[in-house]
Amino acid sequence: MDQIIERSLGDVTGAGDQLMWIDGEAVAALAGGTIDIFNPSNGARIGTSPAGLAADIDRAVQAARRSFKSGVWSRMPGAARQKILWRAADMIEARAAEIATVEALNAGQLYPFAQAMVHGAVELLRYFAGWATKIHGLTSEISGPMGQFHAYTLRDPIGVAGMIVPWNVPFGLVMTKLGAALAAGCSCVVKPSEETPYSALMLVRILEEAGVPKGVVNVVTGYGHEAGAALAEHPDVDKIAFTGSTEIGKRIVRAAAGNLKKVTLELGGKSPVIMFDDADLAKAIPSTAMGIFLHSGQICIAGSRLYVQRKIFDQVMAGLAGAAASLKIGDAFSPATQIGPLISARQRERVSELVASGVAGGATLVAGGQVHGEQGFYFQPTVLAHPKADSRVIREEIFGPVITANVFDEFDEVLEAANDSTFGLASTVYTTDISKAHRAAKALQAGFVWINCHFVSDPSLPGGGFKQSGWGREMGAEGLDAYLQTKSVFTSLNG
Ligand code: NAD
C-alpha cells in the first residue's frame, strides 16, 4: 500500500496529460482545447484531457462506422470475439492495481473499493465474452392459409453504439456497456465524464492490445454539452447507452429523436430502505450505514430514504449516528480512511445546500451535516430524521453521504411511502419474516430489491430502473439484447 501512495503522488501511468483515442490512435481534439483533471482527495490538478467537440465525435463515429461495415469485428466468428474479450479480461486483471490507482486518484474511490470495482469489471467482461458464442435466434413451425414455411430469426448487432457515462464508477460503468456491445459485435464511441476520463483511455488501449481491431472502440473525451450532446444527436449513431442523471437522460432522449436511435438509460435513484421491527439490527444497521456511506453515497443504488418501524426507531437512529460519527474521513489512498471525498467542490456544494434545505424544512440533524476539512471535497456522513414527505431531501437524489429517516407503523403505509417517488432504481427490506420480505419485494417498484443485504449484483442478473430511473436493462441476457436487433426470415416450402 505504501508503494501505491507514493505512486499516487508521483506520475501515475494513465493519468497526467492524456490524449483521446480514435481509430487506433492517440489524438488531441481538432480544435486543440483541453480540460483540467483533479484529484478530489486534495483538490490538486493532476493533468488534462482533450476537450472533444462535434468534429471529434464525427471523426470517431466515422471510424466506428467504417469498422462496423468492414465486418472486422461485427462479422468475426463469435468464438474469436470471445477469445479476444477473455484475453482482454486477463490483461485487465494483470493491470488491476494500476487501473485501481487511477480510479482512486481521479474519482476519489477508496483504493480497496477501486480494486473491487476493477475486479467486478473483469468478471463482467468474462461473462459477456461467453455470450459472444451464444447469440441464437429461434425457429418456428409456421403453417397458415399461405402454405408452409421454414421460418427463423437472426440476431444482428445494432451497429454503432454511443456510450455516455458519469464519474462515480468510471471503469465499471464503461465496461458494463462495452462488454455487452462487443459481445454482440457492435462498434463503439465512448464519451467518459469530463471529470474522470483516464480509466476509459486505459481500457481502450488494453482492448486493442488484446486484439480488438482499431476503430471498433473509440474514446472521445470532452464536456457533456459539447461532445456528449454531439454523440447523442449524431445521425450515424444507431444506439445510445447513457448512464447519468435523470435530467440529462431526458435530454438524451430528445437528442436521439433526430434519427430515432435506440436508447437505453441508467439514471438516478432515491432508493428506499425499509426496516421492520423484527429485523436483525446487529446486521441491518451496519448494512444500512454501508448502503449509504460507501463511496460517500455517490452510487446510484445507494439506500438514501430509510423507513423504520416505530418500536425500533430510536435504537436505529442511535446506531446509525454512531456509525456516521465513527467513520474516518480522508484521502482515497490512506489505509485508515473509511469514507473518501465527493468528486468536486460543485458536488459538495450541492450536498451541503440540500442538507441545509432539509434542516430549514424541519428535519432533525442526527449526525454530520457539515463540510469536512479545507483541502479536498469532503462532507460528513449525515443522518436527517423526520423530513417532510414533500421535502427536497426526500424527493431529490442527493448523491452524497446523506440518509433521511422516517417512522412508520403499518406494512401498507410504508410500501406506499417507499413507492411514492419519481425514481425506481433500488430498494432494501430488513426483516426476519420471510413472507413479509417477499410480499414487500413483490410490491416495491424498483429494478433491484435486496432482502437483508445491500449492493449485491451479478453480471448474470439484469439491472435497471422503474419509472424515471431508466429505460431498459444492463447485464444479463437483457443487457446483451440491448445491442442486438432481430430479423425474421421466411422461406417458402410450397413446391
Ligand atoms: P450527468 O448526467 O451530469 O452526466 C453524465 C454524463 O453525461 C457525463 O459524461 C456528462 O458529460 C454527460 N452529459 C452531460 N450533459 C450532456 C448532454 N447535454 N448531452 C449528452 N451528454 C451529456 O451525471 P453525473 O453527475 O456525471 O453522475 C451522477 C448521476 O449518474 C446520478 O444521477 C446517478 O444516479 C447517475 N448514475 C446512475 C447509474 C445507474 O446505473 N442507474 C449509475 C451511476 C450513476
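1. A quick definition to start: two strands count as paired if DSSP finds at least two bridges between them. With that in hand, strand β18 (residues 382–385) and β19 are joined by four bridges and run parallel. Within this pair, Ala385 stands opposite Ala405 in β19. Please keep in mind throughout that this is a predicted model.

2. Now the sheet as a whole. Seven strands make up an open sheet, ordered β15-β18-β19-β14-β13-β20-β21, with mixed pairing. At the edges stand β15 (364–367) and β21 (448–451); each has a single partner strand, so one side of each is left without a neighbour in the sheet. From one strand to the next, the twist averages 25°.

3. Two helices pack on this sheet. Helix α12 (residues 345–360) touches β15, β18 and β19, and its direction makes about 25° with that of β18. Helix α15 (residues 434–443) touches β20 (426–430) and β21, with its direction at about 170° to that of β21.

4. Strand β14 (residues 303–309) deserves a look of its own. Is β14 mostly covered or mostly uncovered? Mostly covered: seven of its seven residues are buried. In the strand order, β14 sits between β19 and β13, and you can follow its pairing on both sides. Five bridges join β14 to β19 (residues 402–408), in parallel, and here Gln309 stands opposite Phe408. Another five bridges join β14 to β13 (residues 271–275), also in parallel, where Ser271 has Gly303 as its bridge partner.

5. Elsewhere, have a look at the pair of helices α2 (residues 54–70) and α8 (residues 224–233). Their axes come within 8 Å and cross at roughly 45°, and α2 and α8 are therefore oblique to each other. The crossing is right-handed. On the α2 side the contact is made by Ala54, Ile57 and Val61, and on the α8 side by Ala227, Ala230 and Leu231.

6. Is Arg65 buried or exposed? The relative accessible area of Arg65 is 16%, and the cut-off for buried is under 20%, so Arg65 counts as buried. Leaving aside neighbours within four places in sequence, Arg65 is in contact with Val160, Asp236 and Asp238. As for Gly32, 33 residues away along the chain, its C-alpha atom is separated from that of Arg65 by 24 Å.

Notes
Residues numbered from 1 in each chain as written. Predicted model: local features only at pLDDT ≥ 70, side-chain atom pairs only at ≥ 80, totals over all residues. Heavy atoms only, no water. Buried < 20%, exposed > 50% of the residue type's maximum accessible area, 1.4 Å probe, protein only. Axes fitted to C-alpha atoms, helices over the stretch in contact; angles between N-to-C directions. Parallel < 35°, antiparallel > 145°, perpendicular 65-115°, else oblique. Left-handed = near helix turned anticlockwise from the far one by under 90°. Contact = heavy atoms within 4.5 Å.
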